[in-house]
Amino acid sequence: MSVRKTLCRLDAIPDGGAIAVDVESSTGGFALILVRQGEQVMAYHNECPHAGRRLDWAPGKFLIDSGLLICAAHGASFFLESGRCYAGPCRGAGLATLRVEVIDGEVRLP
Ligand code: FES
């Protein structure tokens, strides 16, 4: 049996932007970054590979510039569409990704 968990509505994420979502689980839950590009949504764990900090500068507010998501702690930058490290103290380590799907205008964990 598969359980689908709705994270948010697609239109809750600004196109070209990102929001933070907390996911509850039996092991304590985890924090996600949802990045939207048109009808496509990418999900990354909200934990920087540099020093393990959240990437937002205020709850749910992210620095995005020229196709890059920038960690507010020390400036590591990651490609929006893949989470791969672009520059800064991430030194080649990318964001952990999670697969999500968009169905009927909702962003869901499969
Ligand atoms: S924790 Fe993100 S750049 Fe240091």
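Two strands count as paired if DSSP finds at least two bridges between them; the views below come from a predicted model.

**View 1. The antiparallel hairpin of β2 and β3.** Strand β2, residues 18-23, pairs with β3 in the antiparallel sense, and six bridges join the two. Within this pairing, I19 has L34 of β3 as its bridge partner. Six residues separate the two strands of the hairpin, and in the turn G28 adopts a positive phi of about 110 degrees.

**View 2. The largest nonpolar core, with 16 residues.** Within this core, I33, V35, L55, L69 and F78 are the residues with the most contacts. The elements that contribute two or more residues to the core are β3 (30-37) and β4 (40-45). Apart from this core lies another, made up of 14 residues, among them L7, V23, L32 and V107.

**View 3. The surroundings of L55 in the largest nonpolar core.** Leaving aside neighbours within four places in sequence, L55 is in contact with residues including I33, L69 and F78, which, like L55, are listed among those with the most contacts inside the core. The contacts of L55 also include N46, E47, C48, F62 and L95. Of these, C48 counts as buried because its relative accessibility is 4%, under the 20% limit.

**View 4. The disulfide between C85 and C90.** The structure holds one disulfide, which joins C85 to C90 with an S to S distance of 2.2 Å. The torsion about the S-S bond is about 70 degrees, and the disulfide is therefore right-handed. Both cysteines are buried, C85 at 15% relative accessibility and C90 with a relative accessible area of 5%.

Terms used: Residues numbered from 1 in each chain as written. Predicted model: local features only at pLDDT ≥ 70, side-chain atom pairs only at ≥ 80, totals over all residues. Heavy atoms only, no water. Core = buried A, V, L, I, M, F, W, Y, C linked by side-chain atoms within 4.5 Å. Buried < 20%, exposed > 50% of the residue type's maximum accessible area, 1.4 Å probe, protein only. Helix = DSSP H or I, 4+ residues; strand = E, 2+ residues; numbered from the N terminus. Contact = heavy atoms within 4.5 Å. Disulfide = S-S within 2.5 Å.
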